[in-house]
Amino acid sequence: MTPSPTLLQEARRIQAGLPLHILDSQQSRLDFLLSVSPFIGRVLQQQPELAPQLLEPTQLDWHYQDPLQQLPDSSEANVFRALRRYRNQVLAQVLAAELLGVKPIRRCLTEISALADGLINSAYQWAYQDLTAQWGTPMDPKGQPMPLLILGMGKLGGGELNFSSDIDLIFTYPDNGETQGGRRSIEHQQFFTKLGQKLISALHQVTADGFAYRVDMRLRPFGDSGPLVLSFGSMEDYYQAQGREWERYAMLKARVLNPDPVWTPQLQHLLKPFVYRRYIDFSAIESLRRMKQLIEQENRRRNRTDNIKLGAGGIREVEFVVQTLQLIRGGRLPDLQQVSIFAALNALCRHQLWSQADTEQLINDYLWLRRVEQVLQGIDDQQTQSLPQDELNKERLVLALGLTDWPQFSELTQACMARIHQQFKAVIDQGDNPEPEELALGRLCWDSQLPETELAEQLDWLDAEQAVELLSELRQFKLDCQKRNVGQEDVTVQMPGAVVRPGNWIYADADGVLVSDEKLDGA
């Protein structure tokens with residue numbers, strides 16, 4: 001836990017700019033924390049009164065206290081400032097507790113998620129009260145105020161949020177109607193749209209105090225092209241008619257962050273049939289192979305050789321393995337219907353779908369990668385899963401993990417990822433029938449989020465202008481497909497070098513990936 005001379009010099013440089021008065025017994029801990037995390041230094045610059053809590057291990061426990069409760073007034077500026085400062089305070093405490101060995105990484109992930117839950121709910125309550133004063137209150141059929149239900153997705157939904165992650169949210173409300181009791185009445189859809197926008201701004205907007213959370217709404221029905229909020233009925237219609245396979249994976253970890261005793265069970269009831277099938281659903285494996293191949297294409301495209309999330313044997317592969325087995329068996333085995341990856345793995349073990357030894361090894365390897373990720377993001381509060389290339393941050397990572405040098409770290413991490421990848425292949429291996437490269441390229445063009453100008457290099461049989469034009473038309477076609485159901489009339493689609501003949505169907509699989517132009521049996 002002793003910093004190198006280079007890191008110690010950097011730590012003392014940061015400390016020189018801090019208005020701190022610390023005890024001699026605390027100096028070594030301060031040197032260690034500042035050597036690893038300039039982020040902690042910035043928090044202490046902003047809130048020097050936190051130093052005693054960060055430097056004394058016995059002071060690193062915390063319980064959520066609504067930062068908006070004690071505000072002299074609930075103006076937007078005051079609310080935004082309180083949310084951001086409290087976020088930074090608690091994240092610094094959680095990071096210090098993990099670095100100093102006070103709390104294991106699994107507990108830290110739980111606490112980071114609990115912090116996000118609390119701040120989202122505090123911001124939601126403030127925004128709801130602010131809007132009802134002007135527009136009135138949306139009421140349910142029994143005359144009770146109607147909530148906006150906030151679905152937390154991904155690691156937030158699973159209670160395993162990253163240190164510096166985006167938060168993926170979906171907004172939904174029970175039923176349509178009009179607000180009551182305000183100076184002016186508006187439709188519920190309008191009210192909840194305003195509420196969602198205000199909540200996002202409270203969390204996402206960058207101010208002098210930074211941001212609370214980057215909010216990503218792209219997992220909602222229709223993605224960026226869809227409405228910000230949907231009623232229960234509209235959401236149910238969407239998933240029944242147009243829900244794609246990747247959305248089933250996403251919904252596995254969906255959790256209502258502001259549960260309501262009346263409406264939450266109803267929402268869970270309508271979403272469950274979309275996620276879990278009553279039969280044993282082996283189609284999930286093929287869907288997983290397609291999604292993984294898309295990621296591998298983008299990894300090669302972006303040269304992601306040191307990414308502990310997306311690389312072979314990374315965090316994503318653990319998630320994919322567990323979620324695939326949940327989708328295959330979860331309809332028949334309700335015990336597998338878990339949002340937590342740890343709870344799901346243990347359930348798979350109980351049902352003998354995973355051995356005890358493999359379960360323990362996979363959890364340990366996953367937690368190692370999550371610990372590495374925590375340190376990577378805690379260095380400078382950056383959303384990254386790529387290993388550092390510069391010597392200073394390599395030293396920081398090694399020091400934080402209690403290792404001796406970079407080769408030791410590389411050996412441990414490579415062995416960990418090799419074990420994960422082996423288990424991943426055991427579940428989804430395509431054997432001797434890998435997907436043709438041409439089809440894989442088609443999937444990449446269909447699903448990639450890369451800019452057209454960057455993706456165009458893959459289409460080397462076209463010049464740059466033609467390739468960009470083709471990709472732009474393809475993405476517009478994809479958006480149009482998402483907005484309406486294709487009728488049964490003949491369709492002709494012409495693109496440079498490709499024609500889909502009249503009388504044939506364009507067949508996209510459940511996750512929206514173009515896979516065939518052949519007529520489907522029984523279509």
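The legends below describe an overview and several close-up views of one predicted protein model.

**Figure 1. Overview of the predicted model.** In this predicted model, local features need pLDDT of at least 70 and side-chain atom pairs count only at pLDDT 80 or more, while totals for chains, interfaces and linings use all residues. Residues are numbered from 1 along each chain as its sequence is written, and side-chain values use heavy atoms, with hydrogens and water left out. The protein has 20 helices and 11 strands; these are DSSP runs numbered from the N terminus, helices being H or I with at least four residues and strands E with at least two. Of the 523 residues, 53% are buried, where buried means under 20% relative accessible area, exposed over 50% and partly exposed in between (1.4 Å probe, protein chains only). Among contacts with a separation of 6 or more, 70% join residues 24 or more positions apart; a contact means heavy atoms within 4.5 Å.

Figure 2. The whole structure holds 2 cavities of 30 Å³ or more. A cavity is a set of points, on a 1 Å grid over the protein atoms alone, where a 1.4 Å probe fits but cannot get out; lining residues have an atom within 4 Å of a point. Grid points are joined across faces, edges and corners, and a volume is the space filled by probe spheres set on the points. The largest cavity has a volume of about 60 Å³. Its lining includes Lys155, Glu160, Lys253 and Tyr366. Helix α13 (residues 315-329) gives the most to this lining, with 4 residues. By class, the lining has 4 nonpolar, 4 polar and 4 charged residues; Ala, Val, Leu, Ile, Met, Phe, Trp, Tyr, Cys and Pro count as nonpolar, Asp, Glu, Lys and Arg as charged, and the others, Gly among them, as polar.

**Figure 3. The second largest cavity.** This cavity contains about 40 Å³ of space. Residues lining the second largest cavity include Arg87, Phe163, Phe211 and Arg214. The lining divides into 5 nonpolar, 3 polar and 2 charged residues.

Figure 4. The 13 residues of helix α11 (residues 263-275) should span 18 Å at 1.5 Å a residue, and the end C-alpha atoms are 19 Å apart, which agrees. The expected span is 1.5 Å times one less than the number of residues. Buried residues of α11 include Trp263, Leu267, Leu271 and Phe274. The partners against which the buried residues of α11 pack include β2 (149-152), β3 (167-173), α9 (232-241) and α13.

**Figure 5. Gln53 and its contacts.** Gln53 is found in helix α4 (residues 51-55). With a relative accessible area of 27%, Gln53 is partly exposed. Not counting residues up to four places away in sequence, Gln53 touches Gln59, Leu60, Gln89 and Gln93. Gln53 and Gln89 are 36 residues apart in sequence, and their C-alpha atoms are 9.9 Å apart in space.

**Figure 6. Two loop residues with positive phi.** Gln352 has a positive phi of about 60° although it is not a glycine. Gln352 lies in the loop between α14 (341-350) and α15 (356-380), and counts as exposed at 73% relative accessibility. Asp381, also not a glycine, has a positive phi of about 55°. Asp381 is placed in the loop between α15 and α16 (391-400) and counts as buried at 9% relative accessibility.

Definitions and conventions. On a 1 Å grid over the protein atoms alone, a cavity is a set of points where a 1.4 Å probe fits but cannot get out, and a pocket is an open set with protein on both sides within 12 Å along at least five of seven lines; lining residues have an atom within 4 Å of a point.
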